Amino acid sequence: MDDSQNETLFEAPPMAEQERMIEAILFATAEPVTLRELEARMPHGSDPAEALVHLRKRYEGRGVHLVCVGDAWAMRTAGDLGFLMQKETVETRKLSRAAIETLAIVAYHQPVTRAEIEEIRGVSVSRGTVDQLIELEWIRFGRRRMTPGRPVTYVVTQNFLDHFGLENARDLPGLKELRAAGLLDNRPLPGASVATDEDDDEDESPEGQNELFED
């Protein structure tokens, strides 16, 4: 086989064809796909990073957008058309006030240890609260701290970012917006009895949170 044949054999597909390949992969996959995964699936010599740039521009203003979620990519319904998907809702998950506050603390202070969460909240954090957030795949274990006891830390997951339409944790709203959305409650007046998560877990989510925690 001569050099010209070798060049043809390993020549990358045209950029338009690479866009079509990525489009097909993302539409067929429910979960966001990383650049490395795209590179592994596409023909030798392809440049998925460049193809993503072109594809994202092509979908601007359309009913479906190409969005970056952490270090991965996905096709998602345009934000202003979300109301059309409401009939697809199957289950509504309610989080206790303790879980909501714990989730907010992890999101804004990650990586954060259980002791640090308790210090910020001012009450102990029950194992059930953390387990619930891990089960929902909204937080996960991070690296252990290089301090005595090497405590484990917690960070938010890619699923959390995807659920709330965030590219990364830096896009989180301010405390005022969180309270308006029901993600944070106002603190009780001094003297109110709030000692442990077990008390909080019995409370239902405040009104207005349901739409934030739908699957």
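Predicted model: local features only at pLDDT ≥ 70, side-chain atom pairs only at ≥ 80, totals over all residues.

## Aromatic pairs

Tyr 59, with a relative accessible area of 9%, is buried.

Another pair is formed by Trp 138 and Phe 160, whose ring centres are 6.3 Å apart and whose planes stand at 75 degrees, so the pair is edge-to-face. Because Trp 138 lies in the loop between α7 (127–135) and β5 while Phe 160 lies in helix α8 (residues 158–163), this pair ties together parts that are 22 residues apart in sequence. Trp 138 counts as buried at 6% relative accessibility, and Phe 160 counts as buried at 5%.

## The sheet of β1, β2 and β3

An open sheet of three strands has the order β1-β3-β2, and its pairing is antiparallel. The edges are taken by β1 (33–34) and β2 (64–69), each of which has a single partner strand, so one side of each is left without a neighbour in the sheet. Between β1 and strand β3 (residues 72–77), the antiparallel pairing extends over two bridges, and Val 33 stands opposite Trp 73 in β3.

Helix α2 (residues 15–28) lies across β1, β2 and β3 and runs at about 70 degrees to β3. Helix α4 (residues 48–58) also packs on the sheet, where it touches β2 and β3, with its direction making about 140 degrees with that of β2.

## The sheet of β4, β5 and β6

A further open sheet of three strands, again with antiparallel pairing, has the order β4-β6-β5. Its edge strands are β4 (112–113) and β5, each of which pairs on one side only. The antiparallel strands β4 and β6 are joined by two bridges, and Thr 113 stands opposite Thr 153 in β6.

Helix α5 (residues 97–109) packs on this sheet and touches β4, β5 and β6, its direction making about 90 degrees with that of β6. The sheet is also packed by α7, which touches β5 and β6 and whose direction makes about 105 degrees with that of β5.

## Arg 145 and Pro 111

Arg 145 is found in the loop between β5 (139–141) and β6 (153–156), and at 25% relative accessibility this residue counts as partly exposed. Leaving aside residues up to four places away in sequence, Arg 145 touches Pro 111, Val 112, Thr 113, Glu 116, Arg 150, Pro 151 and Thr 153.

## Positive phi in the loops

Arg 150, one of the residues that Arg 145 touches, has its place in the loop between β5 and β6. Its phi is near 45 degrees, a positive value in a residue other than glycine, and its relative accessible area of 43% makes Arg 150 partly exposed.

Glu 137, in the loop between α7 and β5, likewise has a positive phi, of about 60 degrees, although it is not a glycine. With a relative accessible area of 45%, Glu 137 is partly exposed.

## Totals for the protein

There are ten helices and six strands in the protein, and buried residues make up 34% of its 215 residues. Of the contacts with a separation of 6 or more, 61% are accounted for by residues 24 or more positions apart. The protein exposes about 13,500 Å², of which carbon and sulfur atoms supply 51%.

How values were computed
Residues numbered from 1 in each chain as written. Heavy atoms only, no water. Helix = DSSP H or I, 4+ residues; strand = E, 2+ residues; numbered from the N terminus. Buried < 20%, exposed > 50% of the residue type's maximum accessible area, 1.4 Å probe, protein only. Contact = heavy atoms within 4.5 Å. Pairing = 2+ DSSP bridges. Axes fitted to C-alpha atoms, helices over the stretch in contact; angles between N-to-C directions. Phe/Tyr/Trp six-rings, centres within 6.5 Å; stacked < 30°, edge-to-face > 60°. Areas by Shrake-Rupley, 256 points an atom, 1.4 Å probe, with all protein chains shown as cover.
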